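User: Please take a close look at the backbone around one loop in this structure, then follow the neighbouring helices from there. I would like one connected explanation.

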Amino acid sequence: MAFEGLTERLQNAMTKLRRKGKVSEADVKEMMREVRLALLEADVNFKVVKEFVNKVSERAVGTEVLDSLSPGQQIIKIVNDELTDLMGGETATINFSAKPPTVVMMVGLQGAGKTTTAGKLANYLRKNDNKRPLLVAADIYRPAAIQQLQTIGDQLDMPVFSMGDQVSPVEIAQKGIEEATRTGRDFVLIDTAGRLHIDDNLMTELADIKQIANPSEIFLVVDAMTGQDAVNVAKSFNEQLDISGVILTKLDGDTRGGAALSIRSVTGKPIKFVGQGEKLDALDPFHPDRMANRILGMGDMLTLIEKAQQDIDEKKAEEMAEKLRENTFDFNDFIDQMDQVSSMGPLEDIIKMIPGMNNMPGLDQLQIDPQDTARMKAIVLSMTPKERENPDIISQSRRKRIARGSGRPLVEVNRLIKQFNESKKMMNKMSKGNFQGMDGLFGNGAKGKLGKMAMNQMARKNKKKKKKIIRKKK
Amino acid sequence: MGLFDRIKQAFTGEKQEETQTPIEQTETTEKYEKGLEKTRKTFSSRMNELFANFRTVDEDFFEELEEVLIESDVGFEVTMEITEALRQEVKLKNPKGKKDVQQVIIEKMVDIYEESEAGDRSIALKEDDLTIILFVGVNGVGKTTTIAKMAHQYITEGKKVFLAAGDTFRAGAIEQLEVWGERVGAPVVSGKAGGDPASVVFDAVKRAKEENADILFVDTAGRLQNKVNLMKELEKMKRVISKEVPDGPHEVLLVLDATTGQNALIQARQFKETTNVTGIVLTKLDGTAKGGIVLAIRKELGIPVKYVGLGESMDDLQEFEPNDFVYGLFSELIKDSL
């Protein structure tokens, strides 16, 4: 069974509540049980949950319910606000040292992803801050850890400093920094070996490195899938090293990532980055509000919008809209569109960002093979230019030829053409301002009041943006 | 002696049989118990704390009980089931004192544990023929290290072991396995970094057969269970093995990190679906993790935990004794409740 989102849980509880002007204590108690369970289910530490629930209850009892909301929605709003608040409110940035090089230490348990993250971070800094990083291989314990960092360095075309596995990590760190100064590198990333927070010897080693390297940042790298123990790990590392920030890895999995909340509330240190993919550019700044939504299972509309803005070419989008109006949308545009969407990342991730979609029954089973889009593309590319421009001429014999050409079975070709025609019809309707066709598109995705609320919220945000743009134009 | 009997005896005070437990057995489990010391201690002490504050059986009590279980990573579903069952039980039996409640809780947990049959825990080694063991899991759980530890054990037993470097994706993974192969004295079959892992597996199976190896360990790249294409790649590797050795792979071991939370269950479910996992290796149990997930996996998926990793050194991979583990979890409680 997949996890139910908090939204669904709360919705169930909400149906029991009658519409009132004020949130009563009984309402809060009922809802708080659901909040508590949802948070525990998301691996948030039980102590953190307890504190959190108490805080929210206090704030919730007696609040005036806003006009547009039901008591349940009001509580969700409070929960969401508090959660965002607890996670740091704003996006944190990297501390750079006034006098280069800036030194950063990566620490954490075994298998958290320190080495990969070191590579990703170096890549990120080069791209976004014009830094010239040097990677320092100070993991002398795990076999081939140094080679791993070197391979990553090769992939990124970035220098890696290493002294083999017979020299103490403290010395490696020191020499690494000297090397950076000599070669004019302004950012040093020290990759340390994974260790248990209860391993005194190795923890002392880290403290020694810290003393010598005097880092501007010590990043604790934590696996987002970590369970209740995340608190102990984070607390222990923080007490012994006074970490400056946290990087959450493997967030591209299907975990809720409640560990983020636990760590933040136990250490008080900001989460600065999240790793969400195997490629070396899959590192993003951490957004507390988005993480709050994820933990609650509320979807992540903001990221979706941002991704769309980033990756979808505006001019192309306008052309597309024009085509839709004229009803001349053809297979060439279809491919264009597919490429644009796929540049936003895996489709199932995009879908999951839509509020309400997270809780759709069966969606947890929805898995889209990236190969599927490639296959669709192969089919379209097997059509002649004429066929692509004028899909109506594709006869049965042409379909057979397309199937052979693309190496896909005939049924798949038929299915694609059918889908294309249907989406064309729907888009045509939509472009004429008739959104009823949309119902079918999202099924009962964003269902109930909550879905509506999310949609309204989005609409409001869009309006604001529009206003801003208009103002700017003025 | 079954777990249930042992606990029953503890309750009824019939301890005669227990003293007859062979001494060797206690010696072999000594290290194991030491490794799990933290796990046991925290669980018991939390339970004791709960009972120390016990006044009456009310909603608050159940909430606290839920927290104790959740904190031990017992798993959300199992926790809910236990507390739900207890609510019923309490209604029926109406226990008054602290001891009654405690007894009801332990009985219920043992019940749930006994209910779920988790299959055979031994590794199915073939006599006089090649046994192929495939290792799967998400990134960073310790697959390669586990292979090294297991290879070391079998080599000490006099088996001829081959290793296949099926992780062609992660930087340095092949080198890591090669270093281990050298240390434990097992030949490593590897391909190019970034190459097709299935072809490495094919070569390895062929070579292991030609050279009459007893066991072939196949390492794979870590993959998150929600990446469809990567899971398909795993299926392909498995197919390649079955083609060469019809009844292989003889074991598919899912390596799980004991510090993982609820996601461990999803991992187990997904990997089971694609590769028909036959057993679980639970690594990093020597941290402060509670390992309650053992209960959840057994309950929900019926996959046996076959090995547990209790430390960094070569000998720290131990066969898993679930009865000892669960008995250990409760032993202090039982003593108190007598």
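Analyst: A:Asp43 sits in the loop that joins H2 to helix H3 (46-60) of chain A. Helices (H or I, at least four residues) and strands (E, at least two) are DSSP runs, numbered from the N terminus. The model is predicted: local features need pLDDT of at least 70, side-chain atom pairs count only at pLDDT 80 or more, and totals for chains, interfaces and linings use all residues. Residues are numbered from 1 along each chain as its sequence is written, chains are lettered from A and ligands numbered from 1 in the order in which they are written, and side-chain values use heavy atoms, with hydrogens and water left out.

A:Asp43 is not a glycine, yet its phi is positive, about 75°. Most residues other than glycine have a negative phi, and most peptide bonds are trans. Elsewhere in chain A, the bond from A:Pro100 to A:Pro101 is cis, with omega near 5°. A:Pro101 belongs to the loop between helix H4 (71-86) and strand E1 (102-108) of chain A.

Back at H2 (residues 25-41) of chain A, this helix packs with helix H4 (residues 59-71) of chain B at an angle of about 10°, their axes 12 Å apart. Axes are lines fitted to C-alpha atoms, for helices over the stretch in contact, and angles run from 0 to 180 degrees between N-to-C directions. H2(A) and H4(B) are therefore roughly parallel, the term for angles under 35 degrees; over 145 is roughly antiparallel, 65 to 115 roughly perpendicular, and the rest oblique. In the contact (heavy atoms within 4.5 Å), H2(A) supplies A:Arg33, A:Arg36, A:Leu37 and A:Leu40, while H4(B) supplies B:Glu59, B:Glu63, B:Glu66, B:Glu67 and B:Ile70. By class, this contact has three nonpolar, no polar and six charged residues. Here Ala, Val, Leu, Ile, Met, Phe, Trp, Tyr, Cys and Pro count as nonpolar, Asp, Glu, Lys and Arg as charged, and the others, Gly among them, as polar.

A second pair lies within chain A: helix H8 (residues 200-213) and helix H9 (residues 230-241) pack at about 45°, with axes 10 Å apart. That angle makes H8(A) oblique to H9(A). H8(A) brings A:Met203, A:Leu206, A:Ala207 and A:Lys210 to the contact, and H9(A) brings A:Ser236, A:Phe237, A:Gln240 and A:Leu241. Sorted by class, the contact of H8(A) with H9(A) has five nonpolar, two polar and one charged residues.
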